[in-house]
Every structure is written in structure tokens, then in C-alpha cells.
Amino acid sequence: MSSSTPKPTAGKRLGNARLAKLPAAVARPAYKRAKVTAGIVHLGLGAFCRAHLGVYTDDVLAQGATDWGIVGVNFRSPDVIDALKPQDGLYTLLSREDGVDKLRVIGAFLNVMSASDQPDDVLALMTRPEIRVVTITVTEKGYCHDPATGRLNEAHPLVVADLANPRQPHSLPGLIVEALRLRRAAGGWPFTVLSCDNLPGNGKITRAVVTRFAELSDPDLGGWIADNVAFPSSMVDRITPATKDADRAAVAAGLGLTDAWPVVAEPFHQWVIEDRFPSGRPAWETAGAILTDNVHPFETMKLRCLNGAHSTLAYLSVLAGIETVADAMADPLLPKVIRHLWDDDLIPTVPPVPGTDVVAYTHDLEARFRNPGIRHLTLQISSDGSQKLGPRLLVPATERIAVGKAPRVVPLTVAAWMAFLRQTDGKGRNWIAADPMAARLTAIARAHADNPVALADALFAVEEIFPAAIAGNAPFRKATTQHLRSLLTRGVPATLTAFLFR
Ligand code: CS2
């Protein structure tokens, strides 16, 4: 059983009946939950939305809005439903910094449902007129899109299945389109669809996959969606590692109750939202969100500087046997590599960000990454590289190439990802490369395990990941292949030393 999966619970359980008796140090909903009604359906009930959307919305509810509660819907794993249902949707946020733990019980999720076990109930809920916003955190791969183009992957098995049977959807685009069809058939208004995932222009990508799916299943509906549904973009940020058993124990000690699935996060959080909600929205700005007409600069800064640095640290760290981001930041070499990544490859590609000094932002990131209370596993961040490398690092690299500059650190990250796909350091340490394209990518890595030139050639040929501007750029390929050879033959520290000090 993984440490992120809840275990059978013993002892008294967190729930509505016990809210009033929580210890004084534990913050709790400052409103009457019984008075709150649902206005939001959230798709994808992972830790992130509970540490982010749930907290912003809890603040809005505490200010007296009673019609913006959330119903959380999960697609696959029933574990989170099994954990939260007996707790009346309540869970604890443990925020950690400088050895100080703060506990807050969040009440914004009024109910939790499973899209696979209760498909009709979920669709009936999404058809109710009082649901005016559908928020999403399903990670990059949940959009069923082609990461290189941002368009719907029409060969995706879930998309193929949903197009054949659109009334019983299992994919994100299929579910949203069916809910919108039912609302239209009932003569109602559409909801606004708000993506909160780490994708560039996440609203545009959501709109592209939803409208294309609708066109393929019912062209008339496709036109109605294109004309009437808003898909604002948003930039979301809060480092939220998977919950570990030690976190559950810390929460149980603080609460005097069992919480089957609390979430742990850093104190920092940021949310920048494109303000386009024709059917209304909660006043998230009163909880600190920035509402704007242009999310792009914020999102570019965050996706590249934070997530791009995360991915770079993750692949090099897994290869080097470094378990957490905080440990990586204590390494003598890795922080220097990340500084070069920011200064040489990424900051020059970030447009001016209102009210923000991007260089100072990267110094703040260093401090956030060093937070020792946040055990963010590098293996967790290493997942889904086929979806993450493009927006975080390859697109900025193509922008550098287009202005005649050679990316300096991105080839090293790509080489580390290629070596990571071998799933072994060759000396007895093994790991699993989790990725929707894992079968294909790890087969390539196995076939060319000890031949860096052949391995790099075969992976650069994967068009879904590498745009022509990268795959066809001789200096980029050469640098990547040299780093890969060095990683495979000399290991991470020697490669980084040569890279930094040659
Ligand atoms: C991380 C993100 O796992 C990953 O890929 O880079 O989850 C990151 O922690 C968040 O985007 C921070 O806001």
C-alpha cells in the first residue's frame, strides 16, 4: 500500500458533529456549513485542489457567500471518496514552514462523488442550474490532448470510447460535453469551465478539447458550446506533496481525531484567474486571488520558472538518488544548475509580469524549494515527463533558438529525462517511470540502454514530445547526447561538475 493511500482508520473520525470540539489551535470553517449550497462542481479530487481551490473558496464562504460550496468529483480512484465521505467532505490542511505546523479544517467541499461509480448522479448534478462553475484539476494527461499541438487526441482510448458511447462518458471532454448537452436540452445556461492545471493557456486547451469532442459527436452542440461557454485560463500555485503516513499522524495528534486524508502544503499560494464568468463566480479576489484579463505572463513565469526547475531537479535527483526537492537544494551542485536554468534559459523568455520582479521571484522559489517541512518527492515530480517537458522547458528552448541563442541547461534536463527512462542507475537502484507514454518510452530506453547516441536519436524522433525546432536543431541534439553519455558513464556529480566548471 503506497504512503499516499489511506489506511483503515481507527479512533474517532473528523466530521460535522465534531467540528465544535476541535482544539482551539485548529482553524475551522467560520460559517454554518448546513446553510451552504453547491455552486461549483470540481473534477479531479487530488491533494492539489484541496490545498488550493478548497482554501480560497472556504475563505469566500467565511465572508458570507452561501451559494458557492463545492461538490468534488473524482474520475478513477475511489480512495479519496472513501476517505472523505465519512468525514462529511471535511479534511485538514497542514501548512508547514520553519518548523511551524498550522492546522485548518476546510469545509468548502460539501459532498464528494465518483464519476465511475455514480455517473448518472454526477451528470444530474452538473445539469442543475445553480452549478455555475466547473473547476478542473486532472493533471496534464487528463485533458486527452496532444501536448505538442494542444488539440484533442482523437485516437486517445477514452476519447474513442466516449465518442462511441457519449451518454456514458469516462473522459474529461466527454463528461463536460454530455453535461452541457443536458443543460442545453433542459433550456438552461451553460456553466463556466475553469481549468486549474499546469498547462500553457489552460483555458484555451480545455476549450479546444471540449469543442472538438462536441463537434465530433454532435456538430450543432459543438457550435453552441463554441458560442456560449466560457473557458477562462488560470495560473495556480501551491507546492502540495502527496500526503504521507507521518503527516496523517501529525494531523491526528493535533486534532485529537482521525482524518483519513489530510493535505500538506507550503504556506505560499497564488491564483491568477482570467475574469470571464458569464454565469457568475465566487468573489475569489476577496480571498487573495488576482482577477485579470491576461493570465499569460503570470502563467509563463510560473510554468517555466517553478515547474521547469522542478522537472530539472526531479530527473537529475532521481538519477543521483536524491529523494526530495529540499535535499536537492542542499546538494552542492544542483542549486547552481537551477540558477543557470533560470538566468540563461528561462527568465529571458518570460514577458513582463505586472507587479512582479521575475528575478526576485526565482530567489523566492529557491527559498520555497528549500522548505525542509515539505517532503516533496523528486520521483513524484518525475511523473508524466512526456506531458510536462514541452510547456515547461522545450517551448522556452525553441524561443531561445528562434532568437539565435543556444539553450544551456535544457539539453541537460532532456538528457537526464532520457537516462531516467532506463529506470535504473545500472548499479542496483531502480525506479518506475510513470507516464501515459511509459510503455513506448521505456521500451526505447531498454532497446538502447547503453548507447547514448542511439537512445537520444530514438527519443528525439518521438514527435508527440519533441517539436521539429528542437529535434531538428543540431547543437541542441549534440549537447543533449554529450550530457547523456556523461550521465550514463560518469554519473550525475561528475556530469554537473563538468557542466558548471568546464
Ligand atoms: C510539480 C507541481 O509535480 C509537479 O510536476 O512541478 O505539482 C508543482 O509542485 C505545482 O505546480 C506548484 O504549484
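This is a predicted model: local features need pLDDT of at least 70, side-chain atom pairs count only at pLDDT 80 or more; totals for chains, interfaces and linings use all residues.
The chain has 21 helices and eleven strands. Its radius of gyration is 23 Å, close to the 23 Å that the globule rule gives for 502 residues, so the chain is as compact as a globular protein of that length. If you follow the C-alpha trace along its principal axes, you will find that the trace spans about 65 × 55 × 45 Å. The chain exposes about 19,500 Å², and 55% of this area is supplied by carbon and sulfur atoms. As for contacts between residues at least 6 apart in sequence, 77% of them join residues that are at least 24 apart.

Now to the aromatic rings, where the count comes to ten aromatic pairs. In one of them, the ring centres of Trp271 and Trp284 are 4.7 Å apart and the planes stand at 50 degrees, so this pair is classed as tilted. Trp271 belongs to strand 10, residues 270-274, while Trp284 sits in the loop between strand 10 and strand 11 (290-292), so the pair ties together parts that are 13 residues apart in sequence. Both Trp271 and Trp284 are buried, and together with Tyr56 and Phe277 they form one aromatic cluster.

Finally, please look at two arginines that lie over ring faces: Arg50 is placed over the face of Tyr91, 4.8 Å from the ring centre, and Arg408 is placed over the face of Phe499, at 5.1 Å from the ring centre.

Methods. Residues are numbered from 1 along each chain as its sequence is written. Side-chain values use heavy atoms; hydrogens and water are left out. Rings of Phe, Tyr and Trp (its six-membered ring) pair if their centres lie within 6.5 Å; planes under 30 degrees apart count as stacked, over 60 as edge-to-face and the rest as tilted. Helices (H or I, at least four residues) and strands (E, at least two) are DSSP runs, numbered from the N terminus. Buried means under 20% relative accessible area, exposed over 50%, partly exposed in between (1.4 Å probe, protein chains only). A charge sits over a ring if NZ of Lys or CZ of Arg is within 6 Å of the ring centre and within 35 degrees of the ring normal. The radius of gyration is taken over C-alpha atoms; the globule rule is 2.2 Å times the number of residues to the power 0.38. Contact means heavy atoms within 4.5 Å. Accessible areas come from the Shrake-Rupley method with a 1.4 Å probe; for residues, only the protein chains shown count as cover.
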